[in-house]
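Here are my notes on the model you sent. Please read them with the structure open.

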Amino acid sequence: NLRKINVFKTIGAIDNLKLNTNIEGNFGIGHTRWATHGKVSVPNAHPHFDCQKNIFVVHNGIIENYAEIKKWLQMLGHKFHSETDTEIIAHLIEEFQTKEKLTLEEAARKTFKLLSGTYALAIISRKEPFKIIVAKNSSPLLLGIGKDEFFVASDATALISYTKNIVYLGDKEFGILTPENYRVATIDAVPVAKTEYKINWQVKDSSKRKFKHYMLKEILETPNTIENAIRGRIVLKDGIVKFGGLEQLNKKIKNIRNIIVVGCGTAYYAGLIGKYLLEELSDIEVEVEQSSEFRYRKFVYDKKTAVLAISQSGETADTLAAIKEAKRKGLLTLGIVNVVGSSIAREVNAGIYNHAGPEISVASTKNFISQLVILTLLSIFLGRQRKLTRNQAIEILKELTNLPKKINLLFNQIINIKKIAKKYYQYPNFIFIGRKYNYPIALEGALKLKEVSYIHAEGFGGGELKHGPLALIDEKMPVIAIAPKNDVYSKMISNIEELKSRGAKIIGVITDKTSYQKLFNDFILIPKTLPVLEPILTVIPLQLFAYFCAVFKKLNPDKPRNLAKSVTVE
Ligand code: M6R
């Protein structure tokens, strides 16, 4: 029966969803719900439908005015099956189709006009089979253009096994997919000509291959990620960095006096390291702010202020909103983004792509390292327009090209890191400390551990311990101390002594095992590098440590509970 629509819903992991594989058909929609309105339950899982079970809707986003619309629909006699905001969409379409005899497309457009909030929608109807209507406002939505087939998704990674040709929908646009073609129009039905982007990612990049988890695979891809971030961008003999994406704005970029870096989570921590790099190498004043805070605060700026967004997905709602706000104020906006053609990549005035390939694990690992490499290159690029000398630049760039080899050496520590994780994974709390370039790494190490292994962890600058956190220290508190031999090494050693004398168990991430070895209960030896490049090496053992703790706790590090890979709602 071509007009039958089968509905499958479940809660928990996607693997729990048992699809009837005997179904015949050639169109369908699906969605993993991120609970915003109503508990995690089967009735609240998508798709949602109207009273007659004709119209089916999946939705990513939040409909802010759903309560009043729901009340109105209930007054008209509509019966609701869930507590979600999404369900009103199916009932609105039903209402307009029955009362006003509209087609699915007309009723959908009328519905979109009533919605306030954010949405990426896919809608099908039993009465008009072989048609998917999609619409977007703020939440990401893209079409995959295959050979005799079309797809719709929130993220390009989902589509690369099927097609490399992507069309991004703009806000307040809707699209109609049929077996023959697709078209895109504004909500007022004015046709929109769309550009097709080509995604260069390979299917092998997004498969787990021999690895049990993407997280491990992606950490092990780091040497390659660094090479991809550097490729074609440096002229070593001249100490010069080139970014194709920034060329058209060269004059404006030369005039930048201060940069505000915005990002969330791991991308924000990359930004914190970016501050150290940009200030040290290019003498530009830098402020770093979580996008969710930045977008609502009054900040001081002038014509020479640039706002730099860092985002792997290019879809993080808060970072996108921060960039929109900066643009509204007339500021130059720049981006460091991994996903080609993503919303942030399209929104900024100029940008730099990571070329890190797809990152599937929710925990950001290889792309964080790529962000650090790009920030180093950007600092040299801007520095060479200012005071950084050719020789200083050459020294850093040369060492940057050596890092893939050094990381491969560091991977010899994997068995040691696994052993350390086995010894400590049952501790409920951890502290991470670092100084200077490794202070944000302490924050990132703690985030990684919390995120994948659900162990409570906090990161601190070593110098801050005596201002409060030291009170937490006793023999039940392991501390991971990031202490490569650099200009703050002796300060770090003093901090570690303070911890040791209060009973803490210390795990060191160190470059020098001869001195002070007795201070560490366990240590991970990493290769030495220039201080500006240290974070690229010091973070890897912390990523691996978090990974192994999750594995020993029998958790799936790729899909931590309550988290999504790209956070497209505020
Ligand atoms: O895609 P984005 O880089 O904008 O994502 C930002 C954060 O949501 C992300 O880095 C998050 O903190 C990671 N899951 C951390 O591993």
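1. In what sense do strand 15 and strand 16 pair, and over how many bridges? The pairing is parallel, and six bridges connect strand 15 to strand 16 (residues 332-337). A306 has L332 of strand 16 as its bridge partner. Keep in mind throughout that this is a predicted model.

2. Strand 15 also pairs with strand 13 (residues 258-263), in the parallel sense and over five bridges. Here V261 stands opposite L308 of strand 15.

3. Strand 15 covers residues 305-311, and seven of its seven residues are buried. T305, V307, A309 and S311 point one way. A306, L308 and I310 point the other way. Residues of both sets are buried. As a general rule, side chains in a regular strand alternate between the two faces of the sheet.

4. Four strands form an open, antiparallel sheet in the order 6-5-7-10. Strand 6 (150-153) and strand 10 (197-198) are the edges; each has a single partner strand, so one side of each lacks a neighbour in the sheet. Strand 5 (residues 142-145) runs antiparallel to strand 6, and four bridges join them. Within that pairing, G144 has F151 of strand 6 as its bridge partner.

5. Check A135 in strand 4 (residues 132-137). Is A135 buried or exposed? A135 has a relative accessible area of 1%, so A135 is buried, the cut-off being under 20%. A135 and E173 are 38 residues apart in sequence, yet their C-alpha atoms are 5.8 Å apart.

6. How many salt bridges does a search of the whole structure find? The search finds 30. One of them joins K110 to E100, with the closest N and O atoms 2.9 Å apart. This pair links helix 3 (residues 104-114), which holds K110, to helix 2 (residues 87-100), which holds E100; the two residues are ten apart. K110 is partly exposed at 33% relative accessible area. E100 is also partly exposed, at 37% relative accessibility.

7. Helix 3 takes part in another contact. K113 and D188 form a salt bridge with an N to O distance of 3.0 Å. K113 lies in helix 3 and D188 in the loop between strand 9 (182-186) and strand 10, so the pair ties together parts 75 residues apart in sequence. D188 counts as exposed, at 53% relative accessibility.

8. The salt bridge between K436 and D487 has an N to O distance of 2.6 Å. Both residues sit in loops. K436 is between strand 18 (429-434) and helix 14 (439-453). D487 is between strand 20 (478-483) and helix 15 (489-500), and the pair is 51 residues apart. K436 is partly exposed at 30% relative accessibility, while D487 is exposed at 52%. Separately, K136, D171 and K324 are linked in a salt-bridge network.

9. K208, K212, K554 and K559 form a positive one. K559 is in the segment after helix 16 (534-552) and is exposed at 51% relative accessibility. The other patch is nonpolar: I11, V40 and V42 together have about 240 Å² of accessible area. V42 is in the segment before strand 1 (48-49). At 39% relative accessibility, V42 counts as partly exposed.

How values were computed. Residues numbered from 1 in each chain as written. Predicted model: local features only at pLDDT ≥ 70, side-chain atom pairs only at ≥ 80, totals over all residues. Heavy atoms only, no water. Pairing = 2+ DSSP bridges. Patch = residues over 30% accessible without salt bridge, like charges linked within 9 Å, V, L, I, M, F, W, Y side chains within 5 Å. Areas by Shrake-Rupley, 256 points an atom, 1.4 Å probe, with all protein chains shown as cover. Salt bridge = Lys/Arg side-chain N within 4 Å of Asp/Glu carboxyl O. Lys, Arg positive; Asp, Glu negative; His and termini not counted. Charge placed at Lys NZ, Arg CZ, Asp CG, Glu CD. Buried < 20%, exposed > 50% of the residue type's maximum accessible area, 1.4 Å probe, protein only.
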